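Biologist: I have a structure open and would like to learn how to read it with some care. Could you take me through it?

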Amino acid sequence: MGATVVTDQIARLSQWARVAFATRCAARLQPFTVLPEFVPDNTKHQKIVTEAQELAQRLAEAGGVPPEPDAATWEFAESMRASSSPFEQAMRWAKKQAADCPADAHVYRAAASAYGAAAGYLLAASDAYVHAKREYPDPRAFESFIECANACGCHDDAEAASEVDLLWLGRRLFDDEDPVPETFFGRALWPDGEPQDWRYSRKRLVELLELPERFRSLANMWRNDTRTTSSVTEMAMHPAYQRIVGFGRDALPFLVRELAESSEHWFWALKSITGANPVTPEDRGRIDSMAEAWLLWAKENEINGNAS
Amino acid sequence: MVTPLEQCFPGLIDEAYSITSDKSGRYNCIAWALGENERWWWPDAVEEYHWPESVAREESVAAFLQAFATMGYSPCEDGELETGVHKIALYARDGKPTHAARQLPDGLWTSKLGSLQDISHTLNALIGDRYGEVIKFFGRRIAN
């Protein structure tokens, strides 16, 4: 997948999807911010990236229409853009090393790729920083990144394109007014320290995007097939119910919402998935009280039932 | 025209029956047969639903017999109407209890159908793929 495709893909995204992608790029930059010693002011760049991420996060959390950036913001953003230069310098150095040292060429090519990516990501981070102008992300950031990756024989551009594609697939979930959920890419969208699980596979993300429809379909099938039964075991062993249980914790927001709306028999699923037991012995079988107990448990455990 | 309920229970098509409540998921047939409409009774393995403490949580006729006994019911011969006796009919499929109905003073039976409505009906009307057959009757003598 080439640079043009990625740039075009980005252009189709909503405002918040672009912010998410730009911030995602900034998140990926973190491992590369420790630059070689020969790069002047190498520690400064780490600070710039961190501040950009923090600001992007605050803006996203605020929701709604982002504030107009002031002069100081623009100045800071420009300084970020300027700071991509040392990364490019490091990339050129690594590429030269690869040419000069054939025995270790693979190591240097990897380093060149990393620094090249870092240069692109930093530009993307600056775009996140000034996102209120709706001029982000500057396609040059991604073209630069893709050129670097291609030059080094790497194919990370495909991964970037894949992520943009996923944001496009998720366009029903977040538009210009609704920020992309922080869990969309795992914890890396708004990283808190070193991301542990940010490399969600494309398959996994597609699964998450399709989950609302799959849940609705399975729940309807289960509801229709079990409406005449009194046997809770028969309800819980129904293949559609079991598939929902198989979603694991991903199913919790949907189960909580269903429970809030209709007090149906989702208790077995909730207990199987969470291992929790919030219903008192006195309330066993009292459906409304059981639902209340589970909804309180969900609130205490910050499980939001506003699933799409 | 066949109603959705008759699609579920084809035996209703040729038998007299009437719907006697709105749909409710708050109680089930076992609760209704025992005369209550505030709890869902079932011996589920995860212990989320009501079941008498002293009775095994298993879907067996023996466990249901014991559960009914806690409410004063004991096995009886048949479902014939007897003055001064409340009767319950237990349905089972492949040896597992599926449903219970309570006898009405006029000899018909009342059932709560899963999460659907209560109906009054004949015993034969609910025999079929869903509930299986009536395999046992229970009775409790009531004070005059």
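Predicted model: local features only at pLDDT ≥ 70, side-chain atom pairs only at ≥ 80, totals over all residues.

Biologist: How many helices and strands does chain B have, and how do the elements run from the N terminus on?

Modeller: Chain B has 3 helices and 7 strands, and from the N terminus on its elements run α-β-α-α-β-β-β-β-β-β. Of the 144 residues of chain B, 38% count as buried. Among contacts in chain B between residues at least 6 apart in sequence, 55% join residues at least 24 apart.

Biologist: In which order do the 7 strands stand in the sheet?

Modeller: The general idea is that strands of a sheet pair through backbone hydrogen bonds, either parallel or antiparallel. In chain B, 7 strands form an open sheet with antiparallel pairing, in the order β1-β6-β5-β4-β3-β7-β2. The edges are taken by β1 and β2 (74–76) of chain B, each of which has a single partner strand, so one side of each is left without a neighbour in the sheet.

Biologist: Which residues stand opposite one another around β6(B)?

Modeller: Strand β1 (residues 18–19) of chain B is joined to strand β6 (residues 118–121) of chain B by 2 bridges, and these strands run antiparallel; here B:Ile19 has B:Ile119 as its bridge partner. Strand β5 (residues 109–112) of chain B is joined to β6(B) by 4 bridges, again antiparallel. In this pairing B:Ser111 stands opposite B:Ile119, and the bridge partner of B:Lys112 is B:Asp118.

Biologist: Which residue in each turn has a positive phi, in the hairpin of β5(B) and β6(B) and in that of β4(B) and β5(B)?

Modeller: Between β5(B) and β6(B) there are 5 residues, and in this turn B:Gly114 has a positive phi of about 55 degrees. The hairpin of β4(B) and β5(B) has 5 residues between its strands, and in its turn B:Gly107 has a positive phi of about 95 degrees. The strands β4(B) and β5(B) pair in the antiparallel sense over 2 bridges, with B:Arg102 opposite B:Thr110.

Biologist: Which residues touch the most other members of the largest nonpolar core?

Modeller: In soluble globular proteins, nonpolar side chains tend to be buried together. Here the largest nonpolar core has 59 residues, and A:Leu255, B:Leu90 and B:Ala100 touch the most other members. Leaving aside neighbours within four places in sequence, B:Leu90 is in contact with several residues, among them B:Phe64, B:Pro97, B:Ala100 and B:Phe138. On the side of chain A, A:Leu255 is one of the buried residues of helix α12 (residues 252–262), as are A:Leu252, A:Phe254, A:Val256, A:Glu258 and A:Leu259. After α12(A) comes A:Ser263, whose phi is positive, near 50 degrees.

Biologist: How many residues does each chain give to the contact?

Modeller: The contact takes 25 residues from chain B and 19 residues from chain A. On the side of chain B that touches chain A, α2 (29–33) and β4 (96–103) of chain B each supply at least two residues, and by class that side has 10 nonpolar, 7 polar and 8 charged residues.

Biologist: Is A:Phe267 buried or exposed, and which residues does A:Phe267 touch?

Modeller: A:Phe267, in helix α13 (residues 267–274) of chain A, is buried, because 27 other C-beta atoms lie within 10 Å and the cut-off for a buried residue is 20 or more. Not counting residues up to four places away in sequence, A:Phe267 touches A:Met290, A:Trp294 and B:Glu48. The C-alpha atoms of A:Phe267 and A:Ala291 are separated by 7.9 Å, although these residues are 24 residues apart along the chain.

Technical notes:
Residues numbered from 1 in each chain as written. Chains lettered and ligands numbered in written order. Core = buried A, V, L, I, M, F, W, Y, C linked by C-beta atoms within 7 Å. Buried ≥ 20, exposed ≤ 12 C-beta atoms within 10 Å, placed from the backbone. Contact = placed C-beta atoms within 7 Å. Nonpolar A, V, L, I, M, F, W, Y, C, P; charged D, E, K, R; others polar. Pairing = 2+ DSSP bridges.
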